[in-house]
Amino acid sequence: MAKNTSSSAFRKIDVDQYCEDNFKEDDTDSGGLVGPDENEENALNLTLRVLLSIKPSQIEEAVNSLDINLLDTLMKYVYKGFENPSEGSSGHLLLWHEKVYNVGGVGCIVRVLADTRRV
Amino acid sequence: MSATLKPYLTAVRHTLTAAMCLDNFSSQVVERHNKPEVEVRSSKELVLTPVVISRNEKEKVLIETSVNSVRISISVKQADEIEKILCKKFMRFMMMRAENFIVLRRKPIEGYDISFLITNFHTEQMYKHKLVDFVIHFMEEIDKEISEMKLAVNARARIVSEEVINRRKIQIVQLLNDPELPQLKTGKIAL
């Protein structure tokens, strides 16, 4: 028989990596493999403190003044805030959620779920 | 406390409506297979960002979506030991009968008390808004049921202990009135 049948190295290749249809991560995402860095954490803490300190009566005004991209980012921060509930924070965040939903609609939430860039 | 209940449930409802956009999607890894991607997590691009909605530190809902399935995990309010035990037993009872519930998961996710798994096949057979209604209704009813069960347990405990005490009382009175035991009346024999 032909001499190339003695080697079984072909069995060890991962054929899937050569498939053209594979999902390729965006270049920006692969840069973010470093993980949550200090700046991100500071931004998160600061935003949450601001959100919690704004009075309920002022929320609507604040939300109306934002454009759609900022609205999506705000919704992301609201959801992030839910993950670490503290005394009374969740109730306040629920108010924010409602007001942002009234302006942004279901699409706002869908974009939070679907966006690859996290908070 | 109950002031946060309505906003909590509306927030969960809106998020569920957004998350329950499911499509049929065969497995990319194994041919001819169709698996709920949120469980298998075979490909990163098919699973969306998981999202938490919390009412307070104890009660929260985790919603994880993917292209063809959504997993909803609920953490139920358990204020004291009795509620913890009741909740655990109640959830266990339901999870053992998960097949009859169709959308229930047999095991809850780590850190939560009960989980639902809704796939595109469910949304094809059932109305999406009704599924969302079901989950919200479930969340409302659980709290009520556990409170009711706790009241029932306390009421039964009270009745039982009253019965026991009454019987003891009757026994004691009978002993005291027994003519053949005069020394009891003089208190020389301790009961």
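How much area do chain B and chain A bury between them? Keep that in mind as you open the viewer, and remember that you are looking at a predicted model.

**Stop 1: where the chains meet**

Start by showing chain A and chain B in two colours. Together they bury about 1900 Å², and carbon and sulfur atoms account for 67% of that area. To see who takes part, select the residues in contact: there are 22 from chain A and 21 from chain B.

Now look for charged pairs and polar pairs across the boundary. The interface of chain B and chain A has 0 salt bridges, but 6 residue pairs there are in polar contact, with both residues at pLDDT 80 or more.

**Stop 2: chain B's side of the contact**

Hide chain A for a moment and stay with the face of chain B that touches it. Two elements of chain B give two or more residues to this side: α1 (5-19) and β1 (51-54). Of these, select α1(B), which gives the most, with 7 residues. If you colour this side of chain B by residue class, you will find 10 nonpolar, 7 polar and 4 charged residues.

**Stop 3: two helices in chain A**

Bring chain A back and select residues 56-64, helix α3, together with residues 89-114, helix α5. Two packed helices are described by the angle between their axes and the distance between the axes. Here the angle is about 35° and the axes lie 10 Å apart. Turn the view until one helix lies over the other, and you can follow α3(A) passing α5(A) in a right-handed crossing.

Next, show the side chains. On the α3(A) side, the residues that meet α5(A) include A:P56, A:I59 and A:V63. Their counterparts in α5(A) include A:H92, A:L95, A:W96 and A:V103. By class, this contact has 8 nonpolar, 2 polar and 2 charged residues.

**Stop 4: a salt bridge in chain B**

Over all chains, the structure holds 15 salt bridges. For one of them, select B:R105 and B:E39, whose side chains meet at 2.7 Å, N to O. Which parts of the chain does this pair link? B:R105 sits in the loop between α4 (98-101) and β4 (114-119) of chain B, while B:E39 belongs to helix α2 (residues 37-40) of chain B. The two are 66 residues apart, so the pair links distant parts of the chain.

Key
Residues numbered from 1 in each chain as written. Chains lettered and ligands numbered in written order. Predicted model: local features only at pLDDT ≥ 70, side-chain atom pairs only at ≥ 80, totals over all residues. Heavy atoms only, no water. Contact = heavy atoms within 4.5 Å. Buried area = accessible area lost by both parts, 1.4 Å probe. Salt bridge = Lys/Arg side-chain N within 4 Å of Asp/Glu carboxyl O. Polar contact = N/O pair within 3.5 Å; in protein donor to acceptor, adjacent residues only side chain to side chain. Helix = DSSP H or I, 4+ residues; strand = E, 2+ residues; numbered from the N terminus. Nonpolar A, V, L, I, M, F, W, Y, C, P; charged D, E, K, R; others polar. Axes fitted to C-alpha atoms, helices over the stretch in contact; angles between N-to-C directions. Left-handed = near helix turned anticlockwise from the far one by under 90°.
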